Amino acid sequence: MIVEFVDFLRSRMAGLAKIGVGILVLLVCLDALVINKHHAHTAIEHFPAFWSIFGFVVAAIIIIVAKWFGRQGIRQKEDYYD
């Protein structure tokens, strides 16, 4: 059952990407138009979609650092013990 569902999603990857981008755009619009920023702690929090952009940038940095760290020696060649 799960394998069929994953195959179903893989066959519709372009549509899923469009839905994901649409949800992100909707969340940014909701943040910009609906969320009350009157009680924000810092001045940068008044910028629309600050936390969305901040989260994306930090996630990208974590991925880049993890890949770099993996290339520095965590991953070993298959014949390491031979």
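This is a predicted model: local features need pLDDT of at least 70, side-chain atom pairs count only at pLDDT 80 or more; totals for chains, interfaces and linings use all residues.
Trainee: How many helices and strands does the chain have?
Mentor: Helices (H or I, at least four residues) and strands (E, at least two) are DSSP runs, numbered from the N terminus. Here there are three helices and zero strands, in the order α-α-α from the N terminus.

Trainee: Why is the chain described as more spread out than a compact globule?
Mentor: The radius of gyration is taken over C-alpha atoms, and the globule rule is 2.2 Å times the number of residues to the power 0.38. For 82 residues the rule gives 12 Å, and the chain comes to 20 Å, well over that, so it is more spread out than a compact globule. Along the principal axes, the C-alpha atoms fill a box of roughly 65 × 35 × 20 Å.

Trainee: What percentage of the residues count as buried?
Mentor: Buried means under 20% relative accessible area, exposed over 50%, and partly exposed in between (1.4 Å probe, protein chains only). Of the 82 residues, 7% count as buried.

Trainee: Which residues form the aromatic cluster?
Mentor: Rings of Phe, Tyr and Trp (its six-membered ring) pair if their centres lie within 6.5 Å; planes under 30 degrees apart count as stacked, over 60 as edge-to-face and the rest as tilted. Phe50, Trp51 and Phe54 form one such cluster, and the count comes to three aromatic pairs. In one of them, the ring centres of Phe50 and Phe54 are 5.8 Å apart with planes at 25°, so the pair is stacked.

Trainee: Where do Phe50 and Phe54 lie?
Mentor: Both are in helix α3 (residues 50–74), four residues apart, about one turn of the helix. Phe50 counts as buried at 16% relative accessibility, whereas Phe54 is partly exposed at 40%. Phe54 also pairs with Trp51, edge-to-face, at 5.4 Å centre to centre and 85° between the planes. Trp51 and Phe54 both lie in helix α3, three residues apart.

Definitions and conventions:
Residues are numbered from 1 along each chain as its sequence is written. Side-chain values use heavy atoms; hydrogens and water are left out.
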